[in-house]
Amino acid sequence: MRYLTVIVIFQLCACVNIEYKEYVDPSKKAQEIVNNYHLDYKKVNCYDSTTDCYSLINELSQLLLSHPNNEVVLTLHAHILYKSGSFERALQSLDKVVQGYKPNRMALSLAVEINTITGNLSRAKKLGVIASNLYATAPDVYMQLAAIDFASGNYQGAISNLNFAKHFGTPLPIYYFNLGLVYEKQTDFIQACHYYNRTLERQPHSQPAANKLAKLTVNRNC
């Protein structure tokens with residue numbers, strides 16, 4: 001339900017000499033990597049010199065080598081693989097996590113995201129339901145379920161999950177815009193225009209909503 005552009009720039013591979021190092025606290029070391037490379041807010045970019053990817057890969061590979069079953073390490077490893085465009089390898093790391101007793105929310109969210117964009121909607125739905133059972137008050141869980149329903153053509157299910165997302169705190173402009181997408185897909189243009197307008201009332205500079213509304217208006221659907 002949202003546009004996603006992935007530029008495959010670099011794939012993690014066994015092309016770096018890995019030195020085995022034992023870390024006493026793998027979670028702490030993983031957090032150090034996140035902090036050192038600003039992975040919490042910076043996009044992974046190995047195309048130019050903004051990120052020292054060789055060092056990042058080396059550190060992650062060392063950490064994974066010494067703690068191959070650590071949930072935090074596996075999730076971070078999958079995150080970097082995903083950002084570099086290696087979806088299949090990311091899922092291999094994530095599968096070790098999501099099959100556990102209570103997988104962490106980030107791992108579940110990432111697994112749902114990758115399975116959705118690669119078209120494995122049944123797997124995405126199964127993991128999304130697990131996430132909703134474990135993290136029932138997290139709005140992003142329901143946004144993902146709505147995206148799966150939307151992609152599957154289950155538009156009533158998408159609306160229902162969007163309502164749950166709104167209830168648990170999804171911002172109204174996001175809620176209205178996605179409702180607009182659902183109604184537009186069903187060719188209910190009156191409702192679609194209504195919710196794109198509601199989006200712009202809350203977020204006047206929303207270019208996606210403005211573009212959608214302009215297109216429907218030009219086609220005399222509003």
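**Notebook: core and helix packing**

I looked up the largest nonpolar core and found 60 residues, those with the most contacts inside it being Ile33, Leu39, Leu76, Leu94 and Ile114. A nonpolar core is taken as a set of buried Ala, Val, Leu, Ile, Met, Phe, Trp, Tyr and Cys residues joined through side-chain atoms within 4.5 Å; buried means under 20% relative accessible area (1.4 Å probe, protein chains only).

I noted that this is a predicted model, in which local features need pLDDT of at least 70, side-chain atom pairs count only at pLDDT 80 or more, and totals for chains, interfaces and linings use all residues. Residues are numbered from 1 along each chain as its sequence is written, and side-chain values use heavy atoms, with hydrogens and water left out.

I then checked Ile33: leaving aside residues up to four places away in sequence, Ile33 touches Leu39, Leu56, Glu59, Leu60, Leu63 and Leu76 (contact: heavy atoms within 4.5 Å).

Of its 222 residues, 46% count as buried.

I examined helix H6 (residues 121–134) and helix H7 (residues 139–152), whose axes come within 9 Å and cross at roughly 155° (axes are lines fitted to C-alpha atoms over the stretch in contact, with angles from 0 to 180 degrees between N-to-C directions). H6 and H7 are therefore roughly antiparallel to each other (over 145 degrees). The contact involves, among others, Leu121 and Val129 of H6 and Leu145 and Ile148 of H7.

Technical notes:
Helix = DSSP H or I, 4+ residues; strand = E, 2+ residues; numbered from the N terminus. Parallel < 35°, antiparallel > 145°, perpendicular 65-115°, else oblique. Buried < 20%, exposed > 50% of the residue type's maximum accessible area, 1.4 Å probe, protein only.
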